[in-house]
Amino acid sequence: PSKLVFLGIESSCDDSAAAIVRGDRTILSSIVDGQTALHAEFGGVVPEIAARAHAERLDLCVERALAEAGADLHDLDGIAVTAGPGLIGGVMAGVMLAKGLAAGTGLPLVGVNHLAGHALTPRLTDDLAFPYLMLLVSGGHCQFLHVTGPDDFTRIGGTIDDAPGEAFDKVAKLLGLAQPGGPAVEAEARDGDALRFALPRPLLDREGCDLSFSGLKTAVLRARDGLVAAQGGLRARDRGDLCAAFQNAVSEVLAEKARRALQHTGAPVLAVAGGVAANGTIRTALQDVATAAGARFTAPPLALCTDNGAMIAWAGIERFREGNRDGMDLVARPRWPL
Ligand code: KG4
Ligand code: ZN
């Protein structure tokens with residue numbers, strides 16, 4: 001089974017991706033064709049544009065992934081594809097391509113839940129056994145998962161409104177910073193005074209591991225409007241201070257909820273994935289929480305934290321090893337809770 005070679009196809013949001021991964025945890029190739037530029041002028045991902053771009057680009061991603069791996073379709077043992085959740089047009093483009101390839105080659109087809117792909121990534125990048133606690137923090141997702149097997153995920157909390165990456169993006173927008181907002185806010189925050197503005201710590205007073213970020217974004221908006229009214233505009237220092245205060249608030253809330261989630265599950269490892277895991281302040285805070293709880297901390301390299309095909313190929317291998325495979329009736333699902 002360590003010799004299994006899978007193609008993974010991902011198209012659930014704004015990245016067209018394909019990768020070839022081997023069962024011994026070797027990534028033979030990983031191609032990610034992002035669409036940031038296509039959506040930039042609209043201030044967010046436009047589903048119709050994304051769907052068309054995936055349909056146009058995915059087969060080229062697959063060709064490139066095979067070429068870089070020095071493989072052709074006959075070297076594969078299976079085809080894994082994101083079957084949801086996500087923007088339905090993109091997911092359908094991926095599922096149709098995967099079905100066509102499976103039908104043409106006779107290879108097994110394995111549908112993968114995108115969230116499971118993220119949640120199983122630490123087992124691809126690190127020699128990690130079950131169980132572990134996964135914090136998935138991206139532009140579209142925010143949840144704590146207790147992972148006890150390739151198909152066993154228990155959600156023990158998550159956002160009740162925005163995802164943290166979405167909050168970073170919105171804060172960047174209202175401060176006139178570039179998109180994606182996460183890296184821009186982190187850079188601005190570097191020399192900022194986090195204590196100048198007292199922002200809320202949403203849901204900290206409530207028991208459990210649920211999170212909320214939309215009130216935090218609104219608080220930044222109010223602070224900005226206050227400054228604009230008082231000074232006629234924002235100074236560079238104001239931006240830095242607001243970004244630092246916002247980033248600290250997000251980081252503190254994530255850390256406290258992670259502490260509770262570790263305590264609740266008794267998990268020996270805290271793993272993170274998703275684009276927000278790139279944030280240095282947040283990463284350090286989570287690492288500290290894990291250390292204090294006597295748990296190990298692991299985070300995949302950034303390229304595997306954000307959307308990619310390798311995580312889908314790997315999740316496909318894990319599911320296939322458990323005896324799971326899908327037929328030509330595999331459907332694309334816009335919603336698919338773990
Ligand atoms: O996982 P991802 O690439 O896409 C999905 O949302 O599925 O995550 C992208 C999100 C964006 O909202 C982006 O602003 C955020 O991750 N992000 C960051 C940082 N880098 C990316 N957020 C905070 N700090 C960062 N350094
Ligand atoms: Zn994702």
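Select domain 1 as residues 5-125 + 304-321 and domain 2 as residues 132-299; the bounds come from an automatic or database domain assignment. This is a predicted model, in which local features need pLDDT of at least 70 and side-chain atom pairs count only at pLDDT 80 or more, while totals for chains, interfaces and linings use all residues. Residues are numbered from 1 along each chain as its sequence is written, and chains are lettered from A and ligands numbered from 1 in the order in which they are written.

Next, select the side of domain 1 that touches domain 2. Here 14 residues of domain 1 are in contact with 20 residues of domain 2 (contact: C-beta atoms, placed from the backbone, within 7 Å). Helices α4 (114-125) and α11 (310-321) each supply at least two residues of that side of domain 1. The largest share, 7 residues, comes from α4.

Now select helix α2, residues 47-69. Helices are DSSP runs of H or I with at least four residues, and strands are runs of E with at least two, numbered from the N terminus. The expected span is 1.5 Å times one less than the number of residues, so the 23 residues of α2 should span 33 Å; the end C-alpha atoms are 31 Å apart, which agrees.

Centre the view on arginine 57: α2 has a kink of about 40 degrees there. The bend is the angle between axes fitted to the seven residues ending at a residue and the seven starting there.

Finally, select glycine 70, which follows α2 and has a positive phi, near 65 degrees.

How values were computed. Two residues are in contact if their C-beta atoms, placed from the backbone, lie within 7 Å.
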